[in-house]
Amino acid sequence: MHSLSFKLSLDLASNWWLQFSKQWTNWFGICLLGLPIAFFAQVLSIISAYENPSFASIKHPERIAQVSYKTADTQSALPFYLAQELTRPNAGPENIKGITYQKNAWLKSDGVIKRDVYASFFSGGYEYLGISPLKGSLEKLEFPNANEQIHVAISYSLWQALDKGDDIIGETLQVGAELLIISAVMPQEFIGLRPGSETDLLIPYAYIERLNVGTFDAVSPDTYSYLLTSSANPVASERLEAYLQQQALFFDDEKLEIIDAFGISDSEFVALSSRLERLKYLFLVLLIFSAIAFLSNLCDDLEKRQNEHALRKMIGANKQQLFAQLILELLFSLSAVATAAVVYYLMSPAYFNFAVPELQTAVNNNWTSLAGILAATLLPMFGIAIVLFSLQKKVFASSLGRGGSVSLGVKLQAFFLLAIMISISCISISKSVDLSLRQYAYYQKDRGFDESELEIVTFDIPRFGGTFYTNELPELVIQNIEQIEGIKHAAITTTPFLKNQNAYTSIYTQDLRPLGGKNNPGVLTSLVSPNFFEVAGIELIKGNTLTWGNRNQAVISEALYHKFFDGQTLSQMKLLIDTSDNDKQVIDVVGVANDVHLNSIDDIAEPIVYQVSPTLLGVESLLIRTKLSSFQVEKAVDTGLKNIDARLSNPTSSNLEALIDEQEAPQRALITTSLLVTVVLLSTTILFSYNSINILLIKSQREIALRLSLGAMVHDIVKREMLAYLIVSLPVALLTLFFSTSILKDTQFAGSDAILHYAGGFSVLPIVVLVTFLFGVQRTKKVSWQALT
């Protein structure tokens with residue numbers, strides 16, 4: 001008996017393969033369903049990766065949440081005075097275990113490491129978050145006093161490069177005037193505290209002032225703040241705001257925002273989440289659509305094989321065996337879908353690394369995520385397919401009693417599936433139209449500078465650190481570079497476009513208002529050559545540019561002008577900068593420059609203060625206006641720099657237009673994906689509409705011919721069929737719209753424009769159904785005599 005069952009199973013499997021492999025629609029349906037399953041699983045795993053940062057080797061990510069401080073025009077890490085209030089013993093919210101700050105910076109090191117090192121400053125909380133060292137201990141890095149001996153941890157890669165073994169513990173580094181003791185080596189899986197950046201040193205945040213990286217109680221915009229919380233009681237921003245309003249100077253226009261992401265800023269997380277949510281939505285729509293098309297194909301295949309089943313029943317097969325055959329063939333089909341999904345999943349990282357380059361962590365395959373999506377998709381499909389098979393055999397087989405015609409059940413089934421597919425296509429059309437309009441608006445934005453024929457050149461400069469003396473070296477570099485044939489103009493800047501190279505300085509207005517916003521004097525500062533604005537194509541909307549050697553001048557951006565000096569003359573505009581001897585230097589504002597988007601056009605143009613470059617500090621870049629290629633620029637600049645100082649070496653040139661093109665690539669990839677999905681949905685829907693209606697008309701050919709012979713007009717029959725279709729499709733369209741706007745909480749789709757696009761699509765696509773009905777009935781009229789014989 002078991003042998004017979006096994007042979008029968010082999011026979012059924014062989015028969016399924018013969019039937020399956022002959023039809024291209026089966027292959028198309030499996031490929032169409034496997035792709036959105038794989039890509040949807042990858043999107044979910046990427047989102048999870050930012051909430052569970054493996055790059056930081058955090059074992060308890062649920063215990064940390066990023067908190068941002070917002071006012072009407074600023075956003076920053078949590079101000080230190082608010083952090084002190086929230087962590088006061090026996091006073092702050094019970095589920096806040098501590099507040100930790102994080103900042104990255106380059107340091108020039110001597111001692112056992114004789115090179116520049118990339119340092120991550122982190123307040124503490126290692127043990128609480130489950131971050132453990134490979135060697136040594138992190139105990140002395142946990143919230144130390146700022147006056148204690150500085151203890152640090154080094155990365156695994158740096159430890160391997162030093163080749164010191166266990167002897168590395170206790171070794172010292174010299175950074176400026178400070179001696180750093182190596183207390184731990186981080187594990188290999190620890191990359192850093194921000195995705196995409198490899199940390200060499202872990203240093204307590206308490207020491208940023210001693211290492212000349214910043215001011216401890218004035219957080220800079222490139223600093224992140226985190227709440228260490230009880231995982232059982234997540235923190236709500238509204239609760240913290242209410243507490244601070246009662247206990248501290250916290251006003252109605254001040255807000256706190258808490259997000260689960262680690263290592264990226266709030267604005268970066270919003271932009272990244274928005275892009276991933278759009279991709280997730282597109283693949284979810286395609287997944288639903290593909291599942292419907294796949295089930296429809298299975299039902300059509302079952303109907304075509306009714307004769308085969310009838311023959312098996314005649315030669316002795318019982319109902320249980322026929323049902324077992326359906327189950328077995330369904331399992332084979334769903335297994336083929338799972339196989340296709342695995343293949344697509346292996347290919348998906350390459351697509352996501354291109355489409356969303358903001359993914360600063362490598363896109364890796366998470367097989368648990370794929371298994372979950374496969375189970376969540378295929379198991380319900382298995383159950384739905386069984387129900388559809390049963391209904392198809394029992395309910396949809398009843399006759400109307402007018403000769404050869406389709407059953408009412410079959411017609412309703414076809415209309416229902418057709419309405420769902422058209423509704424999904426209309427949603428996709430609406431999203432694609434919205435995305436195209438957003439992309440058009442994106443390309444219309446002004447970056448504030450002229451990127452044409454502009455090269456950004458970085459080069460190695462000795463980092464002197466400490467005290468520096470103003471000299472003519474920057475002016476000499478510009479003069480030498482501009483004398484090179486093929487180079488029109490050259491300028492110096494410490495904040496090159498699209499390089500994410502920022503520096504902040506504590507600056508105040510003359511009446512001591514901090515330029516960085518409430519309680520934060522830190523503002524983005526750029527040291528430039530006087531001709532920087534001309535070379536970069538940045539318009540000076542008021543006043544003049546800077547002059548060489550004058551450190552008492554500044555040009556401010558338009559945003560700062562309107563915020564602090566609107567309506568004032570240049571002679572009235574003064575700034576105050578902290579000096580090393582705790583005094584304040586008065587700076588004259590000599591000009592106002594147009595706002596620029598230094599890094600991303602998606603970000604708000606950050607307020608900037610420009611001052612003249614006093615010397616080469618080791619962080620400068622060149623802006624060169626030229627038609628030469630990047631390779632030619634590198635050779636020319638190398639020669640020009642060596643004529644001044646042999647230590648100025650290794651120039652690397654990047655074409656700004658190419659950098660912008662690379663930055664905009666994900667936008668193009670996103671809109672291309674959206675349009676591709678829409679075209680697939682639209683074309684398949686049109687084809688499905690045509691085939692479904694055509695099959696219904698062919699099966700109803702005798703009934704239609706009889707009606708025509710009795711005097712019915714073509715438009716009467718078409719109107720009758722379209723009315724039946726609309727009765728089924730309109731409720732489906734409204735339910736789909738409600739599901740998208742209310743159940744899925746799709747705020748982007750809830751707008752009146754999107755609903756208008758949806759209604760327009762749902763009005764146009766049924767024309768395909770109408771035209772198919774019209775031509776089908778006309779065709780039947782021409783051959784009605786054949787249908788009645």
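**Exercise 1.** How many aromatic pairs does a search of the whole structure find?

Solution. The search finds 14 aromatic pairs, where rings of Phe, Tyr and Trp (its six-membered ring) pair if their centres lie within 6.5 Å, and planes under 30 degrees apart count as stacked, over 60 as edge-to-face and the rest as tilted. W106 and Y118 form a tilted pair, with 5.1 Å centre to centre and 55° between the planes. W106 lies in strand β3 (residues 96-108) and Y118 in strand β5 (residues 116-122), so the pair ties together parts 12 residues apart in sequence. Helices (H or I, at least four residues) and strands (E, at least two) are DSSP runs, numbered from the N terminus.

The model is predicted: local features need pLDDT of at least 70, side-chain atom pairs count only at pLDDT 80 or more, and totals for chains, interfaces and linings use all residues. Residues are numbered from 1 along each chain as its sequence is written, and side-chain values use heavy atoms, with hydrogens and water left out.

**Exercise 2.** Determine whether N531 is buried or exposed, and list its contacts.

Solution. Start with the position: N531 lies in the loop between β16 (522-528) and α13 (532-536). Its relative accessible area is 18%, so N531 is buried; buried means under 20%, exposed over 50%, partly exposed in between (1.4 Å probe, protein chains only). Leaving aside neighbours within four places in sequence, N531 is in contact (heavy atoms within 4.5 Å) with I478, E482, A490 and A491.
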